[in-house]
Amino acid sequence: MESSPLNYKNKIMIAPDKDHAALANEFNKDEQRVDWHDETLWWVRQKRDNAVKKLPEWEELREAGSQIKNNVLGNLNYYLQQFETNAKANGVHVHWALDAKEHNEIVLDLLLSKGINKIVKSKSMLTEECNLNDYLLDNGVNVIDSDLGEFIVQLANEHPSHIVLPCIHKKKEEIGELFHQHLGTPSGNSDPIFLTETARQHLRETFLARKAALTGVNFAVAETGEFVVCTNEGNADMGAHLADIHIASMGIEKIIPERKHLGVFLRLLTRSATGQPITTYSSHFKKPRSGASIHIIIVDNGRSKQLGREDFRNSLKCIRCGACMNTCPVYRRSGGHSYHSAIAGPIGSILAPNLDMEKHADLPFASTLCGSCTNVCPVKIDIHDQLYKWRQVIVKNGHAPLAKNAALSVMTKILSSPVLYKVAGKLGRLTMKWVPLVVNNRFNPWYKQRELPEVPKNSFGEWYKKNRNHESKDK
Amino acid sequence: MSSRDELLKAVAENQPMNFPLPEIEFLDSECIYLAETFINVLTSIGGAVVLIENLMEIETYILEKFKKSDRIVTTIPAIKWMAELIPATSIPPHALSNVDFAIIDTHCAVAENGAVWVTEKGIVNRALPFICQHLAVVVNARDIVSNMHSAYNLIGTDDYGYGTFISGPSKTADIEQSLVLGAHGPRSMTIFLIM
C-alpha cells in the first residue's frame with residue numbers, strides 16, 4: 001500500500017493568462033454546480049452564525065482577538081526573537097527563510113541530510129503559497145498530503161480551492177471516480193463513509209512508513225516557544241508522532257504573545273470556520289519526543305513588506321478560518337480556483353497583490369464591497385476597506401485592466417462636462433429604447449446573468465424642468 | 001547578513017507603533033451546569049458519555065463492547081487488571097498501531113466545547129490517543145471547567161513536552177460536507193464521567 005500514485009509533478013496550473021472574471025465565467029457554465037457550491041458554503045456560514053450566537057461575549061472575544069493581534073504586529077520583532085529563544089531552549093531547531101525559495105530549500109536540505117525521500121504533510125497553506133510540493137517532486141521527494149480534502153485535490157492534480165475545505169468544489173461522484181482510478185475502489189461507489197474509510201486505510205500505511213512529517217502552524221507562543229496545530233482528522237498528529245523528524249512551517253504573523261491568549265484564538269477559530277466549538281485536536285508541540293526532532297521554519301515571503309503598508313498590514317492578523325470566503329457572494333458563485341492564488345476569497349484578494357501586484361491586479365475587483373467579510377472576520381480585519389484601497393493603488397500603479405482604464409477615461413470626460421453628460425444620457429436612453437440589443441448582448445459584462453432595467457422616458461433634469469412649477473401635477 | 005537578521009531587520013523597520021495587550025480575564029466566565037453542558041456539547045459533536053461511580057464499572061463496558069482478542073490498553077495503573085498498562089518507559093509509537101481501545105485520564109475538561117486536556121505525562125506516548133481505533137477518557141466531574149480561559153488558567157505554566165485538547169472522535173466533512181466519524185484518529189470517543 002505504501003506505493004503511491006502521486007509521483008507526477010506540475011499540477012494543472014490555473015491558466016495564468018486568465019483573470020478572475022474569465023475563470024469565474026468558466027465556473028459559471030455549470031449552473032447547477034454553482035447553485036450547489038453557493039448553498040453549501042452558505043450552509044457553513046449559517047453554522048458559524050449558530051455557534052457564534054451561543055456566546056454572549058462573542059463581540060468582546062473578537063475585540064480581544066483583534067487587539068492581541070494589533071499588539072503582535074507592533075512588537076513582532078521582539079516576539080519572534082522571544083519565540084526563537086524559548087523554542088531553542090525547548091530543544092527545537094529554528095530556521096529562518098526570507099522567501100518561498102529559501103523555505104523550500106531548507107525543507108529539502110533537512111530531508112536529504114537524513115537520507116529521506118518521502119514525506120507526509122498535513123494542511124499548510126504556507127507550503128501551498130511556496131509551491132513546496134512541486135519543488136520537492138522536482139527534487140525526487142515523494143509528498144503525500146494527508147488531510148482528506150488535500151489528498152483528494154492531490155489525486156486530482158489540482159490545488160485546494162478553499163483554505164479550510166480544500167475540495168469543496170468537487171462532487172462526491174468525481175471523488176469516487178478519482179478513488180477508483182488511483183486506489184482501486186469499485187467504479188461508481190461515491191459513498192462518503194466508504195471513501196473516507198478507504199483513505200483512512202491507505203493513509204494509515206503512509207503514516208506508519210514515513211520518517212518525516214510536515215505540518216503547518218496555527219499559533220506560535222512567544223512566551224513558551226510552543227506551537228499549536230489544529231485538525232479535525234488527527235492527521236497532523238498521526239504524521240508528527242510517528243515520524244523521526246517533524247518540520248513545521250509558519251509565517252511570521254503566526255506569533256501570539258502568551259499561552260493564555262490561545263484561549264481567545266481557539267474559541268474564535270473553529271466557530272468562525274465551521275461552527276464547531278473547537279477542532280477535534282488542538283495540539284501543543286513544545287519539545288521533541290525522545291529520539292525525534294522538531295524543526296520550525298519561520299517564513300517572511302512578503303509579510304514584512306505588507307507589515308510596512310499601513311493600509312494593508314491588518315491583513316496579517318488573519319487566523320485562516322475561511323469565514324470571509326463562506327460569506328462572500330462572489331466567492332460562493334465563482335469558486336476558489338477563479339482567484340488563481342494559494343489563498344482565495346476576500347482575504348486572499350488583499351494578501352495576493354502584496355506578493356505580485358500586476359499578476360493579482362484583478363483580485364481586489366472581484367468583490368461587491370458588500371462588507372460581509374469584514375462583519376464575520378473573527379479578528380476584525382477591515383477586509384472590504386482594504387479591497388477598496390487596493391483598487392486605488394492598482395489603478396495608480398497602472399495595473400488596471402485596459403477596458404476598465406478606457407471606460408474610466410471616457411467616464412471622466414463625460415462627467416466633467418454638463419453638456420456631454422446631457423447628450424450622453426439622452427443617447428443612452430434612445431439606444432435602450434430603439435436598439436436595446438446594442439446593450440443587451442453577451443459582450444456587455446453588465447448584461448451577464450441580469451436583465452437591464454427599463455429606461456425612463458426622460459432624465460431627472462428634464463423631469464424637474466417640466467415639473468418644478470406645478471408640484472401637484474404628477475402626484 | 002544572515003536570513004534571520006535580514007528578516008528581523010525588515011520586521012523592525014516596518015512594524016507599527018506598539019498597541020497594548022487587552023485584559024482578557026473577564027472572559028473567564030462562571031458556568032453553573034458544568035457537567036450538563038459538557039455532556040450536551042460532547043454528544044452533539046459525536047462523543048459518548050458513560051456515567052460511572054467508580055473505575056470498576058469500566059470493565060462492564062469493555063466486556064460489552066470488545067472481543068477478548070481486541071488489544072485494550074490503558075495508562076491508568078488503577079485499572080491495569082482489566083487492560084494492558086502502557087509502561088512509562090518509552091516504547092516506539094509504531095508498537096501501538098494495533099490498539100483497538102485505549103483508556104486514558106485527564107484532570108481538565110472543558111464544558112463549552114467538550115474537550116479534554118491531556119499531556120505527554122498522562123498519555124505516556126504521544127501517538128496513543130490518535131493511533132487507537134477507539135478512545136476513552138476518564139473524567140472526574142469536579143475537573144470540568146467552564147471555558148478555554150479557565151482551562152488555560154488551570155494549565156498555567158505547566159512545562160509539558162506535548163499537550164492536546166481532544167474534543168470527540170476524529171472526523172472529516174471533506175466529501176460534500178457529509179460528516180464522517182473516524183478520519184485518521186479514533187472512530188469513537190467515550191468519556192467515563194465520574195459524578
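**The sheet of chain B**

In chain B, 6 strands form an open sheet in the order 1-12-7-4-2-3, with parallel pairing; strands here are DSSP runs of E with at least two residues, helices are runs of H or I with at least four residues, and both are numbered from the N terminus. Strands count as paired if DSSP finds at least two bridges between them. Strand 1 (48–52) and strand 3 (84–85) of chain B each have a single partner strand, so they stand at the edges and one side of each lacks a neighbour in the sheet. Strand 2 (residues 72–74) and strand 4 (residues 101–105) of chain B are joined in the parallel sense by 3 bridges. Ile72(B) has Phe101(B), in strand 4 of chain B, as its bridge partner.

Helix 2 (residues 34–44) of chain B packs on this sheet, touching strand 1 and strand 12 (188–194) of chain B, and its direction makes about 145° with that of strand 1 of chain B. Helix 3 (residues 57–65) of chain B also packs on the sheet; it touches strand 1, strand 2, strand 4 and strand 12 of chain B, at about 135° to the direction of strand 1 of chain B. Axes are lines fitted to C-alpha atoms, for helices over the stretch in contact, and angles between N-to-C directions run from 0 to 180 degrees.

The model is predicted: local features need pLDDT of at least 70 and side-chain atom pairs count only at pLDDT 80 or more, while totals for chains, interfaces and linings use all residues. Residues are numbered from 1 along each chain as its sequence is written, and chains are lettered from A and ligands numbered from 1 in the order in which they are written.

**Between the chains**

Contact between the chains involves 59 residues of chain B and 72 residues of chain A, where contact means C-beta atoms, placed from the backbone, within 7 Å. Helix 1 of chain B gives the most to its chain's side, with 9 residues. Strand 9 (residues 281–285) of chain A runs antiparallel to strand 9 of chain B, and 5 bridges join them. Within this pairing, Ser283(A) stands opposite Thr164(B).

**A helix of chain A**

Helix 2 (residues 31–53) of chain A has 23 residues, which at 1.5 Å a residue should span 33 Å; its end C-alpha atoms are 33 Å apart, so the two agree. The expected span is 1.5 Å times one less than the number of residues.

Technical notes:
Two residues are in contact if their C-beta atoms, placed from the backbone, lie within 7 Å.
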